[in-house]
Amino acid sequence: MAKSFLHQMRKWMTQKMDLPEDVMMDLPRVTMIGQIHIYIENHRGLLTFTDREVRLVLKQGQLLIKGEQFVIKMILPEEILLQGKIVEVIYLEQ
């Protein structure tokens, strides 16, 4: 019940103060540039990395990115920049 109230309070504050939802609600922000770059903010860690698949842990669920020739161009504790041919981006709920 306390989690639900906190979630509702954050949502209300986001709307009233006109703040970005990804910051207030701790949601991931995914930015794609065509089919070649994807930049993800607010992730919780890298779970799997191959040249064809990347799986990131999120606060609620996981993000699965499928494609070809993946290379990590930059990685920070909560941000990652991935380059390659992106074919599919899937949000997996737990």
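Predicted model: local features only at pLDDT ≥ 70, side-chain atom pairs only at ≥ 80, totals over all residues.
Started at the N terminus and read off the element order of the protein chain: α-α-β-β-β-β-β-β.

Next I looked up how the strands are arranged. They form an open sheet of six strands in the order β1-β2-β6-β5-β4-β3, and the pairing is antiparallel. β1 (29-33) and β3 (45-49) sit at the edges with a single partner strand each, so one side of each has no neighbour in the sheet.

Then I picked one pair. β2 (residues 37-41) runs antiparallel to β6 (residues 79-92), with five bridges between them. Which residue of β6 is the bridge partner of isoleucine 38? I found leucine 82 there.

Both turn up again in the largest nonpolar core, which has 11 residues, including Ile38, Leu82, Val54, Ile65 and Phe70. I traced where the core comes from: β2, β4 (53-58), β5 (61-76) and β6 each give two or more residues.

Phenylalanine 70 got its own entry. Leaving out residues up to four places away in sequence, I see it touching Val54, Ile65, Leu82 and Ile86, among others. Its list also includes Asp51, Arg52, Glu53 and Lys85.

Last, the totals for the protein chain. Buried residues make up 24% of the 94 residues. Of the contacts between residues at least 6 apart in sequence, 40% join residues at least 24 apart. The accessible surface is about 6,600 Å², and carbon and sulfur atoms account for 55% of it.

Terms used
Residues numbered from 1 in each chain as written. Heavy atoms only, no water. Pairing = 2+ DSSP bridges. Helix = DSSP H or I, 4+ residues; strand = E, 2+ residues; numbered from the N terminus. Core = buried A, V, L, I, M, F, W, Y, C linked by side-chain atoms within 4.5 Å. Buried < 20%, exposed > 50% of the residue type's maximum accessible area, 1.4 Å probe, protein only. Contact = heavy atoms within 4.5 Å. Areas by Shrake-Rupley, 256 points an atom, 1.4 Å probe, with all protein chains shown as cover.
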